[in-house]
Amino acid sequence: MAASADNTTSAYYVTTPIYYVNDRPHLGHAYTTVAGDVLTRWHRQRGEQVWYLTGTDEHGQKIMRTADANGVTPQEWCDKLVEDAWKPLWQHLNIANDDFIRTTEQRHTDRVQEFVQDLHDKGEIYKGGYEGPYCVGCEEYKLPAELLPGATDDVKLCPVHKKPVEWLEEENYFFRLSAYGPKLLEFYAANPDFIAPASARNEVLRFVEQGLQDLSISRSTFDWGVPLPWDEKHVLYVWVDALQNYLTAAGYGADPERFARLWPASVHLVGKDILRFHAVIWPAMLMAAGLPLPKRVVANGWLMVGGEKMSKSNLTGIAPQDLTAHFGVDAYRYYFLRAIPFGTDGSFSWEDFTARYTSELANDFGNLASRVAAMVGKYFDRSLPAATAAGEAEQAVAEGLATAVQTADRKIGEELDFAGGIAAIFEFVKQVNGYLTEQEPWKVAKDESEAGQARLATILYTAAEALRATAVLLNPLMPVTAEKLWDSLGAEAGLGALADQTIATVADWGRLPAGSTVTKGEILFPRLEEKPAV
Ligand code: ME8
């Protein structure tokens, strides 16, 4: 069968980091994964082909030690956590990933061996010795200068984990990373959008300008990893193994048609803690292999607690599920992206979440939806009337929508400025609320003249049409709520499924047909219960 046109166009391919499975997922992991989900859903809503990848990083000393400490094999440990904790959370948060990759899968380990063998054959890998301080938490050799003082003179701490580093001395294989400094700098200069935000880009530039050292890419003191094909006493360094997941899942070495469609990746989403791996080591490895480089690496900031990066050892004690149980899944997806400008650090608080839930979601948006449905029910027996008396006020709402769509599409779809894009959509929601307050349909309803009824019909049509567009714009962010709104507007009968509405047409005014059956569905954002004790 001939490939259809669809199969040959390139897809918008977004990845999250693959997370270590030494523990359960926390708010920080969910933050990056929700961001990627909103980004890919936005591009799907544009009608583009999309591929969204997440997964788990299962090799290395950290996982091995955790499994040991729990009296199971590393594979048993990974299998259990992936199935019991990681996949269920992504399902719970409505993450629409197209694939889930695990680095212990054979589809991955085979490709990794081929990739490193190729680099070895090309002379990019050589044997040497290395000694230095190593942090198992980071799975990385550290530079003595970056360590923090410990309890005694001979104890030094990792600056990220604040735990003692270990002194390692090994015979390893090395990747000639140092040769790639100038080529990387040239690439960054030619591709100013490769790394975002600007602060992250500058940090990487300064780091590479100082000169790069060759990278130790194998370990021989433990065996939980991918064996080097030419020397099976060594396993591949976990980061080199992990980074290649992006190639494996794209079909590298296995499915040329898919690989052509997906590679290079459009966006690698990462936390800023792992930016150097993605913006320095990874592109250098790809250059060495002669493969195209990803288009962008975008780093999110840290969710903080008590002034420190939120991590497994420093949790708030709040799991994502504790928050969704209280606020609901859609509000959870909304809150972190709305409250923290993407790329900057931010703190979470129950108070702030509660305040935004109440004022933005329940009052501004939820109430608007239920008021409009109630009035169409009351005055027009649930049948959406036509707007026969539109004037300047209605024109202003239509223009407000056009602006919101343009801004949100640029900010969310291109700039990954989720907070800015969501703000643009909610500005529009505010504008519609203001329009109703000014037009006072509940007063106009008392005017039984033909002109009065035509005005009432026009006002309610305008508000319902604005909600039609809002449902489409919020679908990538809050899919369950958007679907409820779509149902309540009776939009499917005239316009088809919500998923099939495109961003390109969302601002075309007047799409929702008069005569649609508008019903008051369930309340979109119910009043919150008392805050639970956590
Ligand atoms: O680094 N705030 O895995 P990991 C925001 N396996 N984001 C956070 C966060 C926080 N407090 N804590 C974690 C690894 N994250 C490697 C990746 S990729 C080839 C290999 C998010 O389990 C953020 O995206 O430590 C960060 O980069 C990632 O989780 C680290 O997850």
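User: Which residue forms a salt bridge with Arg-111, and how far apart are the closest N and O atoms?

Analyst: Side chains of opposite charge can pair when their charged atoms come close. The criterion applied here is a side-chain nitrogen of Lys or Arg within 4 Å of a carboxyl oxygen of Asp or Glu. In this structure Arg-111 pairs with Glu-114, with the closest N and O atoms 3.0 Å apart. The model is predicted: local features need pLDDT of at least 70, side-chain atom pairs count only at pLDDT 80 or more, and totals for chains, interfaces and linings use all residues. Residues are numbered from 1 along each chain as its sequence is written, and side-chain values use heavy atoms, with hydrogens and water left out.

User: Why are Arg-111 and Glu-114 separated by about one helical turn?

Analyst: Helices (H or I, at least four residues) and strands (E, at least two) are DSSP runs, numbered from the N terminus. Arg-111 and Glu-114 are about one helical turn apart because they lie three residues apart in helix H5 (residues 106–121).

User: Are Arg-111 and Glu-114 buried or partly exposed?

Analyst: Buried means under 20% relative accessible area, exposed means over 50%, and partly exposed lies in between (1.4 Å probe, protein chains only). Arg-111 has a relative accessible area of 13%, so it is buried. Glu-114 has 39%, so it is partly exposed.

User: How many salt bridges does this rule give, and which residues are linked in a network?

Analyst: The count comes to 32 salt bridges. Arg-46, Glu-48, Asp-409 and Glu-414 are linked in a network of such bridges. Another pair is Asp-118 with Lys-122, whose closest N and O atoms are 2.9 Å apart. Asp-118 counts as partly exposed because its relative accessibility is 23%, and Lys-122 also counts as partly exposed because its value is 43%.

User: Which parts of the chain are linked by the salt bridge of Glu-166 and Arg-65?

Analyst: The side chains of Glu-166 and Arg-65 meet at 2.8 Å, N to O. This pair links distant parts of the chain, with Glu-166 in strand E8 and Arg-65 in helix H3 (residues 61–69), 101 residues apart. Glu-166 is partly exposed at 29% relative accessibility, and Arg-65 is partly exposed at 36%.

User: Where is Asn-172, and is it buried or exposed?

Analyst: Asn-172 lies in strand E8 (residues 166–175). Its relative accessibility is 0%, so Asn-172 counts as buried. Asn-172 and Tyr-130 are 42 residues apart in sequence, while their C-alpha atoms are 6.9 Å apart in space.

User: How many disulfides does a search of the whole structure find?

Analyst: A disulfide is a covalent bond between the sulfur atoms of two cysteines. The test requires a pair of cysteine sulfur atoms within 2.5 Å, and the search finds zero. Cys-78 is in no disulfide, the nearest cysteine sulfur, that of Cys-135, being 19 Å away. At 0% relative accessibility, Cys-78 is buried.

User: Where is Glu-492, and is it buried or partly exposed?

Analyst: Glu-492 is in helix H20 (residues 491–495). Glu-492 counts as partly exposed because its relative accessibility is 42%.
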